[in-house]
Amino acid sequence: MTTQQLINQIQKKKSFLCIGLDVDLNKIPQHLLTEEDPIFSFNKAIIDATHHLCVAYKPNTAFYEAYGLKGWKALEKTINYLNQNHPEIFTIADAKRGDIGNTSSMYAKAFFEDLAFDSITVAPYMGKDSVEPFLAFKNKHTILLALTSNAGAFDFQTKTLGSQELYKEVIKVSKTYKNSENLMYVVGATKAEYLADIRQLIPNQFLLVPGVGAQGGSLQEVCKYGMNSNVGLLINSSRGVIYASDKKDFAIAAAAKARELQQEMEIQLKLIV
Ligand SMILES: O=c1ccn([C@@H]2O[C@H](COP(=O)(O)O)[C@@H](O)[C@H]2O)c(=O)[nH]1
């Protein structure tokens with residue numbers, strides 16, 4: 001998917017919501033556990049109930065890898081279901097990969113070609129040759145971890161390297177990579193106060209912002225400091241949406257949560273001049 005197609009979706013749906021599909025079999029409604037593929041059944045119900053309210057879905061691969069082959073099959077069925085039924089929706093494999101060049105090429109093939117995701121999250125720690133194999137794919141997006149939502153982000157990411165913080169160095173150096181136009185960045189909603197500085201460095205790039213909902217980040221604060229004239233934000237909520245209810249009404253409850261977030265986004269969109 002091109003960035004312009006993503007922007008068009010945001011304008012059409014008046015939403016920049018990304019729903020995280022982080023399926024935990026201990027949290028989904030019990031009646032689904034008797035289904036042949038409870039993970040896919042859960043995801044399908046969530047997608048059917050919410051696709052008109054969001055522009056992206058983000059399965060975190062950990063929640064599928066944890067269930068072995070069955071989990072990976074459910075991930076494959078989920079991405080195929082999205083690509084076949086909602087090709088306009090942006091898909092993110094939250095896999096946080098990155099390795100020496102030839103290994104990164106294989107990760108890129110796995111997620112962009114075999115599973116046909118639009119994007120993948122990548123850790124920047126191994127540098128240029130670990131990121132560029134992902135960037136080589138046309139109309140696919142590499143979402144680099146810049147400033148993450150967790151408390152441990154302060155261990156390294158905000159430490160000063162020379163004259164500036166490490167997360168700023170990651171952003172600056174990554175802009176020099178080949179095909180850097182395919183880059184987006186992860187910035188946690190819990191770090192909204194850093195967004196104004198980040199926007200100085202990357203005024204136009206899209207930011208994936210997890211941390212609204214269960215982690216307590218504020219959608220309004222993120223918009224205040226992080227929005228650009230194309231919106232430039234994909235705000236993710238996973239647990240806050242998909243586990244709104246653990247009863248038979250779970251998909252309806254998820255849609256109600258997603259609707260709340262979408263309506264707040266619609267208000268924020270009106271503030272763009
Ligand atoms: O900095 C980061 C990077 C990734 N994540 C992931 O996003 C979701 C958030 O889930 P919630 O349930 O809405 O808290 C999850 O998959 C994380 O691994 C993040 O939270 N922060």
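Two strands pair if DSSP finds at least two bridges between them. Strands (E, at least two residues) and helices (H or I, at least four) are DSSP runs, numbered from the N terminus. The model is predicted, and local features need pLDDT of at least 70, while side-chain atom pairs count only at pLDDT 80 or more; totals for chains, interfaces and linings use all residues. Residues are numbered from 1 along each chain as its sequence is written, and side-chain values use heavy atoms, without hydrogens and water.

Eight strands form a closed barrel in the order S1-S2-S3-S4-S5-S8-S9-S10, with parallel pairing. On average, neighbouring strands of this sheet are turned by 30 degrees against each other, direction ignored. Within the barrel, strand S8 (residues 183-187) pairs with strand S9 (residues 207-210) in the parallel sense over two bridges. Leu208 in S9 is the bridge partner of Val186.

Helices H5 (residues 101-114) and H6 (residues 128-135) pack at an angle of about 30 degrees, with their axes 8 Å apart. Axes are lines fitted to C-alpha atoms, for helices over the stretch in contact, and angles run from 0 to 180 degrees between N-to-C directions. H5 and H6 are therefore roughly parallel to each other (angles under 35 degrees). The contact (heavy atoms within 4.5 Å) involves Gly101, Ser104, Ser105, Tyr107, Ala108 and Phe112 of H5, and Asp129, Ser130, Pro133 and Phe134 of H6.

Gln262 lies in helix H12 (residues 250-270). This residue is buried, with a relative accessible area of 4% (buried means under 20%, with a 1.4 Å probe and protein chains only). Leaving aside residues up to four places away in sequence, Gln262 touches Lys13, Lys14, Ser15 and Leu53.

How values were computed
Angles under 35 degrees count as roughly parallel, over 145 as roughly antiparallel, 65 to 115 as roughly perpendicular and the rest as oblique. Buried means under 20% relative accessible area, exposed over 50%, partly exposed in between (1.4 Å probe, protein chains only).
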